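Work through the exercises below with the sequence and the predicted model at hand. Try each task before reading its solution.

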Amino acid sequence: MKILVAGATGVIGRSLLPILIREGHEVFGMTRNEASKNAISGMGASPLVADALDRQSVIDALREARPEIVIHQLTSLSNYSLEDNARIRTLGTRNLVDASQAAGVRRMIAQSISWTYEPGHHPATEEVPLDLEAPQPRKTTVDGVLALEQAAAEMPEYVILRYGLLYGPGTWYDRNGLMAGKVRRKELKATEGVTSFLHVEDAARAAVAALEWPNGPVNVVDDEPAPGTEWLPLYAAAIGAPEPDIQEGSNRGERGAANAKARKDYGWEPLYRTWREGFLASLPS
């Protein structure tokens, strides 16, 4: 198939493009940076330069590529700004959906997240509502996710991938990533809040599998939602950081997510079933 990946040089895109190429698809990689064109070409895809926040730029790119499927992996995470990322989810997705519809795209696979569900005591299934009553700053994230998912659902066919917290090469949880630095400085406390993780390679593989999945949202997370009191000490040890301090309580909505739909209904199997094996594999000393 002819597939356009928006956000082609992000942490997921860098894993995703080679898989799509190996499977025989004709792939276009959309990036806003001219400097990234060579990297996209090096992975075997055709580069397209377009700023997701520039409506006409995106329309022109989709008109040129005429893909059958768009895989939306757009994020804005480099500055650790909730507002910037919410803007990409809101305005960037709006532009991408409108351009896709104008170009006759039939299916969109969109990156969302699995930690914006309303509070609860058990890992959330896809039927649990988003946390629309969340206070700020969480509300900024929830509103961005809601806008992204509603826009993607306007496509004739759509799959919304509610990813777990990403770790692996190039992420904030890489050995030299943002969170690794915080843990080394003991700025991150081990709390009772529950997190569902996902390795970037499993995120990419799920996007490929979603080419054949039914419409709707699906949690793409590993098999073991875990409180910070369990995962953070192991992560700290894996990167050679001091043991984290323990802090009682949790933040709103830290409940993790259930992956039964992806695993049982769709047959998706992660390479890294839990963060326990994934941390050890992706954080070599």
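**Exercise 1.** Find how the side chains of Glu 157 and Arg 106 meet, and state which parts of the chain the pair ties together.

Solution. Step 1: the N to O distance between the two side chains is 3.1 Å. Step 2: a salt bridge requires a nitrogen of Lys or Arg within 4 Å of a carboxyl oxygen of Asp or Glu, so Glu 157 and Arg 106 form one. Step 3: Glu 157 belongs to strand β6 (residues 157-163), whereas Arg 106 sits in the loop between α4 (82-102) and β5 (107-113), so the contact ties together parts 51 residues apart in sequence. Step 4: Glu 157 has a relative accessible area of 25% and is partly exposed; Arg 106, with 31%, is partly exposed too.

**Exercise 2.** Describe the salt bridge of Arg 138 and Asp 131, and decide whether these residues are buried or exposed.

Solution. Step 1: the side chains meet at 2.8 Å, N to O. Step 2: Arg 138 and Asp 131 are both buried.

**Exercise 3.** Determine how Asp 143 and Lys 139 are placed in helix α5.

Solution. Step 1: Asp 143 and Lys 139 form a salt bridge, with their closest N and O atoms 3.2 Å apart. Step 2: both residues lie in helix α5 (residues 138-152), four residues apart, which means that about one helical turn separates them. Step 3: Asp 143 is partly exposed at 31% relative accessible area, and Lys 139 is partly exposed at 30%. Step 4: elsewhere, salt bridges with shared partners join Arg 55, Arg 94, Asp 98 and Glu 154 into one network. The count of salt bridges comes to 20.

**Exercise 4.** Of the eleven aromatic pairs in the whole structure, classify Tyr 173 with Tyr 235, then Trp 213 with Tyr 266.

Solution. Step 1: the ring centres of Tyr 173 and Tyr 235 are 5.5 Å apart and the planes stand at 70°, so this pair is edge-to-face. Step 2: Tyr 173 is in the loop between β7 (165-167) and α6 (178-184), and Tyr 235 is in helix α8 (residues 228-238), so parts 62 residues apart in sequence are tied together. Step 3: Tyr 173 and Tyr 235 are both buried. Step 4: for Trp 213 and Tyr 266 the centres are 5.0 Å apart and the planes are at 40°, so the pair is tilted. Step 5: Trp 213 counts as buried at 5% relative accessibility, while Tyr 266 is partly exposed at 23% relative accessible area.

How values were computed: Residues are numbered from 1 along each chain as its sequence is written. This is a predicted model: local features need pLDDT of at least 70, side-chain atom pairs count only at pLDDT 80 or more; totals for chains, interfaces and linings use all residues. Side-chain values use heavy atoms; hydrogens and water are left out. Helices (H or I, at least four residues) and strands (E, at least two) are DSSP runs, numbered from the N terminus. Buried means under 20% relative accessible area, exposed over 50%, partly exposed in between (1.4 Å probe, protein chains only). Rings of Phe, Tyr and Trp (its six-membered ring) pair if their centres lie within 6.5 Å; planes under 30 degrees apart count as stacked, over 60 as edge-to-face and the rest as tilted.
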